[in-house]
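Here is a short briefing to read alongside the model. Take a look at the structure first, then walk through the notes below.

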Amino acid sequence: MIYEPDAVDWTRGHLSGQSCGVPRHLTNMRSADPEVRGEAFDAFYREAHDEGAVDPCTAASLPFLFDMADDPATPDRAPVVDLLLSIGRSALERDPEDVYFSAHGVESTAHVDIAARMTVRASAFVRYGTDPDPAVRRPAIEAVGLFLHDDDDDDGARAVRTLADRLTAENGTVERLLVVRTMAALPARMPATRPAVTAWLDALSANATHPPTGVTPSPTDLTHPPTDAPTRLAALVHGIRVAPDRTDTDLVVRATALLREYAGTPAVVEVCDGCRRCRSTSFVQGRPVLYGPRPGHLAATYADPHHPWPAHSPLSAVLRTLHAALGDRTTDRAALLAEQLTSPDAATRYDAIEMARDFPGPLPRDLVLLLLGLLPDPYAASRITAGLSRWLSGDLTVAPEDTSTVRDALSDYTATQRAERGAAVWASADRLIRRAYQEAIMTLADHRDPRALPDMITALETASTTGVSSTASAATRRPPTGSYPSSPTACATSIRTARTRRSPRPSICPAWPS
């Protein structure tokens with residue numbers, strides 16, 4: 001099509017006198033200047049897709065967005081395809097019988113039109129799913145599961161076969177896991193696909209080359225090449241979604257065996273490109289905290305944008321799904337967490353720390369000991385101490401009889417840090433070490449442990465109190481001479497007051513999630 005957004009009547013969906021900036025944003029999305037393109041995408045989201053909104057302007061922009069996604073010369077095709085997926089998903093989530101008000105105060109049924117257009121253009125997502133760029137393929141794979149449906153395809157065979165073929169062609173772990181998750185979601189939209197999807201997932205989890213015996217052949221029966229452990233684990237876990245009533249007594253045993261086969265998260269080190277977090281005011285004793293490398297376990301390539309937690313490993317969402325499916329089966333969940341915490345893969349261990357926060361009830365003693373055993377790792381220590389901190393509303397729940405064990409471990413940890421890094425470790429320039437050390441001290445103070453008192457007084461004397469949920473932010477006031485608090489609890493109150501004076505905004509940076 002000819003790319004002429006100015007030829008469209010953009011006043012639909014606006015009250016009289018209101019202007020629409022969408023055509024300008026669409027034009028700027030093709031700019032050769034990356035900064036202009038980034039501002040255009042941000043502006044489009046604010047005006048035409050704020051918090052998932054879909055209105056007449058959003059619908060009118062679809063032909064131009066598809067035109068950009070089809071053109072290999074478009075500079076940022078991946079964000080365009082992701083935007084199309086987001087618009088289509090939002091439209092499907094709305095009731096087709098309801099009328100909604102647009103952000104401009106006009107009644108709108110644009111979601112119905114958008115959903116219909118996405119179905120008509122579903123073949124475009126099939127093409128995007130074969131693009132050489134994995135960032136283009138990822139949203140396209142999910143879009144195939146949402147929109148690919150023909151009027152004469154009542155059993156959803158085309159969607160099933162398209163996704164199965166995509167799995168065979170993919171060689172990236174993230175993309176293969178996304179195919180499995182998308183396939184498992186098909187029965188919710190097309191119930192007729194349930195038998196075929198169930199057989200497909202069972203065959204994958206068993207690493208079979210054909211669907212299991214006893215399954216009646218159908219047009220959607222598929223052969224499967226041998227698959228890697230992450231894909232088989234994903235098939236095992238997502239099979240619970242498709243057949244929730246099926247009882248698998250050996251589910252955790254099979255899952256942990258597959259987890260042991262996982263070769264580990266590939267090491268990817270990227271330099272932060274100046275996220276909002278790193279741009280925020282950040283000084284430690286007058287020294288600016290410079291942009292640093294983005295650790296491989298937090299690389300954007302492994303992040304799942306549809307989940308609010310940090311995704312350290314490609315298996316993060318899969319293992320969270322398994323924990324949710326296990327529910328109150330605390331023995332099974334504890335066994336799974338123990339396997340994660342002892343994994344040779346650092347990213348898997350970091351995920352386990354986050355998932356331990358959702359454990360139903362106090363953590364068993366063996367899990368508490370495994371967590372405390374990870375304190376020598378600076379990143380693990382920063383997550384564990386934050387989870388134990390009452391000031392940060394930490395949700396790593398410890399039984400009362402294990403509290404003294406935690407306090408002794410934290411005291412040993414802080415003593416080791418002082419011995420290795422000196423007395424100024426409280427204000428260390430390394431944000432991970434600083435955060436972990438501060439939260440360890442604050443947790444001791446929360447429990448009125450006198451071993452926290454020297455560090456807290458030192459912090460007040462040097463006026464080096466820092467914010468723990470972001471980069472360092474020095475306290476602006478120093479207590480007058482002779483007025484130091486006389487107990488750990490009083491120290492904790494003073495520290496908290498100082499820490500809350502200057503609090504940078506939370507960050508969405510994939511390198512340093514808040």
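## Core and helix packing

In this predicted model, Leu-65 and Phe-125 touch the most other members of the largest nonpolar core, which has 119 residues. Such a core is a set of buried Ala, Val, Leu, Ile, Met, Phe, Trp, Tyr and Cys residues joined through side-chain atoms within 4.5 Å; buried means under 20% relative accessible area, with a 1.4 Å probe and protein chains only.

**Ground rules**
- Residues are numbered from 1 along each chain as its sequence is written, and side-chain values use heavy atoms, without hydrogens and water.
- Local features need pLDDT of at least 70 and side-chain atom pairs count only at pLDDT 80 or more, while totals for chains, interfaces and linings use all residues.

**Whole chain**
- The protein chain holds 22 helices and 6 strands (DSSP runs of H or I, at least four residues, and of E, at least two, numbered from the N terminus).
- Of its 514 residues, 52% count as buried.
- Among contacts (heavy atoms within 4.5 Å) with a separation of 6 or more, 67% come from residues 24 or more positions apart.

**Around Phe-125**
- Beyond its neighbours within four places in sequence, Phe-125 contacts Phe-66, Val-81, Leu-84, Met-118, Ala-140, Ala-143, Val-144 and Phe-147.

**H7 against H9**
- Helix H7 (residues 134-147) packs on helix H9 (residues 173-189) at about 15 degrees, with axes 8 Å apart; the axes are lines fitted to C-alpha atoms over the stretch in contact, and angles run from 0 to 180 degrees between N-to-C directions.
- H7 is therefore roughly parallel to H9 (angles under 35 degrees).
- The residues of this contact comprise 9 nonpolar, 2 polar and 6 charged (Ala, Val, Leu, Ile, Met, Phe, Trp, Tyr, Cys and Pro count as nonpolar, Asp, Glu, Lys and Arg as charged, and the others, Gly among them, as polar).

Notes
Buried means under 20% relative accessible area, exposed over 50%, partly exposed in between (1.4 Å probe, protein chains only). Angles under 35 degrees count as roughly parallel, over 145 as roughly antiparallel, 65 to 115 as roughly perpendicular and the rest as oblique.
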